[in-house]
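Hi everyone, thanks for making time for this. I'd like to walk you through one protein model this morning, so please have it up on your screens.

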Amino acid sequence: MVVDIRTWEQTFQELIQEAKPWAKWTLKLDENLQLDCLAQGWKQYQQRAFGWFRCSSCQRSWASAQVQILCHTSWEHWTSQGQVRMRLFGQRCQKCSWSQYEMPEFSSDSTMRILSNLVQHILKKYYGNGTRKSPEMPVILEVALEGSHDTANCEACTLGICGQGLKSYMTKPSKSPLSHLKTGNSSPGIGAAYIPNQGKNQSAETKEAKGRGYEKLGPSRDPDPLNICVFVLLLVFIIVKCFTSE
């Protein structure tokens, strides 16, 4: 499991108790959550985040700012106990024909952003803290991304729930290097991520593909004036020949 759910739950509870010390909440992963399919008394919350993926077949790694997260929440007023069920949607490798959906990995900053937004949603929906309208923390680009979202290999897109149209927005990556990024063969836990080693190669491949496309099109050629003159003279000769023969 990429996400250390125990660490996530502990951080989540700490954030809740900062605002509501008496509240008791639990957080669990649930791979069976479906959009707009809620049990009675449950509410739905969806957000997206910046995450990292690593192909279990070819070990290729890549980053995405469209990692979809779906949460179902429930709260019992009389006992002050709440539940959160969370589903993380995966992505497939572009290079492998039969790749599986890989689960996302998150940096510590991205993890805190995800859980903070979730807590703000809970405070607004169940504790009446909506009057302050704390803004949702935006998606932060940890590295610069090129190209559009790969909808063909996004699990959330194939299920029709990808949140590209969500109101959450993104900010540009900071210029300072990311100290939390590291490379390696072992899967990182929460707070660690892989550096995508294919970024430059993909950029070069894109440029090369564009170049090949332009070569196939070839330069446009203007009509040759000499050919036009020859054609006109031939046409005039044919017309004159027809009249003289009559």
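I'll start with the overall layout and then visit a few places along the chain.

Please keep in mind throughout that this is a predicted model. The secondary structure comes to five helices and six strands. If you read along the sequence, the order is α-β-β-β-β-α-β-α-β-α-α. The protein has 246 residues, and 37% of them count as buried.

Let's go to the salt bridge. How many salt bridges does the count come to? The count is one. The partners are Glu 155 and Arg 87, whose side chains meet at 3.2 Å, N to O. This pair links distant parts of the chain, with Glu 155 in helix H3, residues 155–158, and Arg 87 in strand E4, 68 residues apart.

Gln 81 has a relative accessible area of 44%, so it is partly exposed.

Next, some backbone angles. Most residues other than glycine have a negative phi. You'll find Ser 80 in the loop between strand E3, residues 61–76, and strand E4, residues 81–88. At 17% relative accessibility, Ser 80 counts as buried. Asp 36 is another, with phi near 60 degrees. Asp 36 sits in the loop between strand E1, residues 24–29, and E2. Here the relative accessibility is 62%, so Asp 36 counts as exposed.

Now for the empty space inside. Rolling a probe the size of a water molecule over the atoms shows where empty space is left. In this model, the count comes to two cavities of 30 Å³ or more. The largest cavity has a volume of about 60 Å³. Its lining is made by 14 residues, and those nearest its centre are Arg 48, Ala 49, Arg 113, Pro 138 and Val 139. Strand E2 (43–54), helix H2 (108–126) and strand E5 (139–140) each give two or more residues to that lining. What is the lining like by class? It has seven nonpolar, four polar and three charged residues.

Helix H2 also holds Asp 109. This residue is partly exposed, with a relative accessible area of 46%. Asp 109 and Ile 140 are 31 residues apart in sequence, and 9.0 Å apart in space, C-alpha to C-alpha.

Which residues make the nonpolar patch of about 620 Å²? They are Ile 228, Phe 231, Val 232, Leu 235, Val 236, Ile 239 and Val 240. Take Val 240 as an example: it is in helix H5, residues 225–245. With a relative accessible area of 45%, Val 240 is partly exposed.

That's my tour, and I'm happy to go back to any of these places with you.

Technical notes:
Residues are numbered from 1 along each chain as its sequence is written. This is a predicted model: local features need pLDDT of at least 70, side-chain atom pairs count only at pLDDT 80 or more; totals for chains, interfaces and linings use all residues. Side-chain values use heavy atoms; hydrogens and water are left out. Patches are made of residues with over 30% relative accessible area and no salt bridge: like charges are joined within 9 Å, nonpolar side chains (Val, Leu, Ile, Met, Phe, Trp, Tyr) within 5 Å. Accessible areas come from the Shrake-Rupley method with a 1.4 Å probe; for residues, only the protein chains shown count as cover. A salt bridge is a side-chain nitrogen of Lys or Arg within 4 Å of a carboxyl oxygen of Asp or Glu. Helices (H or I, at least four residues) and strands (E, at least two) are DSSP runs, numbered from the N terminus. Buried means under 20% relative accessible area, exposed over 50%, partly exposed in between (1.4 Å probe, protein chains only). On a 1 Å grid over the protein atoms alone, a cavity is a set of points where a 1.4 Å probe fits but cannot get out, and a pocket is an open set with protein on both sides within 12 Å along at least five of seven lines; lining residues have an atom within 4 Å of a point. Grid points are joined across faces, edges and corners, and a volume is the space filled by probe spheres set on the points. Ala, Val, Leu, Ile, Met, Phe, Trp, Tyr, Cys and Pro count as nonpolar, Asp, Glu, Lys and Arg as charged, and the others, Gly among them, as polar.
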